[in-house]
Amino acid sequence: MQDNITKLFKAIADPTRRDIFHALVIATSALSITQISNQFSMTRQGVTKHIKILNDAGLVKMNDQGRNRFCYANPKPLKEINKWMQFYSQFWDESLDNLDNYLNTKKDA
Amino acid sequence: MNKTITKEKVFNHPIEQIWNAITKAEEISTWFIQADFKAEVGFNYTFKSEPNEKGCTTISGTVKEANPYKLVYTWVVADTKVETTVTWKLETQGNSTKLILEHSGIENYTGETAIVMFESFNGGWDNCINGLTTFLKEVVNAR
């Protein structure tokens with residue numbers, strides 16, 4: 001789960017990816033890679049790279065129609081960020097490890 | 001999704017030793033975070049790390065239950081005003097002690113609170129915890 005949240009943060013940390021994601025959220029229909037490249041004056045390769053990262057984070061889904069690949073937004077994973085479960089889960093794991101180290105050190109002293 | 005985080009860990013230490021580690025201010029301050037804490041019902045505690053250039057997160061709350069071997073306190077991060085609850089339970093298991101930690105109420109963090117939390121933790125907490133770990137390593141190595 002921690003990996004997913006890290007992917008999510010990495011995906012939205014980049015302003016261009018946030019813009020692409022936003023464009024897909026407000027689009028009335030799925031957009032092709034070509035449409036996105038035109039809108040952002042970017043190469044298809046550049047767009048494909050960003051889309052792949054957004055896709056890995058679960059924020060963009062893809063749909064192949066013939067030779068065209070269409071992308072649409074999936075904002076659902078963003079809700080996960082708000083819950084902070086993964087964050088706290090890791091926090092407590094680390095804290096209990098610290099407690100264990102502390103107890104072991106004390107024992108040796 | 002479950003709204004309570006539960007962690008279980010078995011320690012090869014007597015129950016009393018772990019109880020002291022989680023209830024005595026000077027011990028909490030050593031392994032966890034700088035604490036002004038008393039295991040007395042109604043005590044308003046604060047957890048605060050040594051300040052650094054980025055500042056540190058403050059945790060505050062009230063002790064709700066403190067009977068050996070169960071400790072319950074509320075947990076409020078910085079200025080979020082969102083109350084969550086942390087429960088520590090200890091059980092003897094042969095020569096070991098089982099610790100059960102529950103953190104509930106996390107669903108109360110929503111929207112903007114999450115952003116405040118993230119910024120607060122991002123700037124402070126990680127650094128403080130890392131700082132503490134480094135400090136402990138240095139102290140141990142110096143012996």
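Tutor: Gladly, and keep in mind that this model is predicted. Let us begin with B:Glu91, whose bridge partner in strand 7 of chain B is B:Lys98.

Student: What makes strand 6 and strand 7 of chain B a pair?

Tutor: Pairing asks for at least two bridges between the strands. Strand 6 and strand 7 of chain B are joined by 9 bridges and run antiparallel, so they meet the definition. They also form a hairpin with 2 residues between them, and B:Gly94 in the turn has a positive phi of about 65°.

Student: How do you know that strand 1 of chain B pairs with strand 7 of chain B?

Tutor: By that test again: 7 bridges link them in the antiparallel sense, where at least two are needed. Within this pairing, B:Lys9 has B:Leu99 as its bridge partner, and B:Lys7 stands opposite B:Leu101.

Student: Which residues of strand 7 of chain B lie on its covered face, and which on its uncovered one?

Tutor: The covered face holds B:Thr97, B:Leu99, B:Leu101 and B:His103. On the uncovered face are B:Ser96, B:Lys98, B:Ile100, B:Glu102 and B:Ser104.

Student: Why are strand 1 and strand 2 of chain B said to stand at the edges?

Tutor: The open sheet has 7 strands in the order 1-7-6-5-4-3-2, with antiparallel pairing. Strand 1 (5–11) and strand 2 (35–36) each have a single partner strand, so one side of each lacks a neighbour in the sheet.

Student: What makes strand 1 and strand 3 of chain A a pair?

Tutor: They have 2 bridges, in the antiparallel sense, and the definition asks for at least two, so the pair qualifies. One bridge partner of A:Leu31 in strand 3 is A:Cys71. Helix 2 (residues 15–26) of chain A packs on this sheet, touching strand 1, strand 2 and strand 3, and its direction makes about 90° with that of strand 3.

Student: What does the label "nonpolar core" rest on?

Tutor: Its members must be buried residues of the listed kinds, Ala and Ile among them, joined through C-beta atoms within 7 Å. The largest has 23 residues, and B:Ile18 and B:Ala35 have the most contacts inside it. Strand 5 of chain B gives the largest share, 4 residues.

Notes: Residues are numbered from 1 along each chain as its sequence is written. Chains are lettered from A and ligands numbered from 1 in the order in which they are written. This is a predicted model: local features need pLDDT of at least 70, side-chain atom pairs count only at pLDDT 80 or more; totals for chains, interfaces and linings use all residues. Two residues are in contact if their C-beta atoms, placed from the backbone, lie within 7 Å. Axes are lines fitted to C-alpha atoms, for helices over the stretch in contact, and angles run from 0 to 180 degrees between N-to-C directions. A residue is buried if 20 or more other C-beta atoms lie within 10 Å of its own, exposed if 12 or fewer, and partly exposed in between; C-beta atoms are placed from the backbone.
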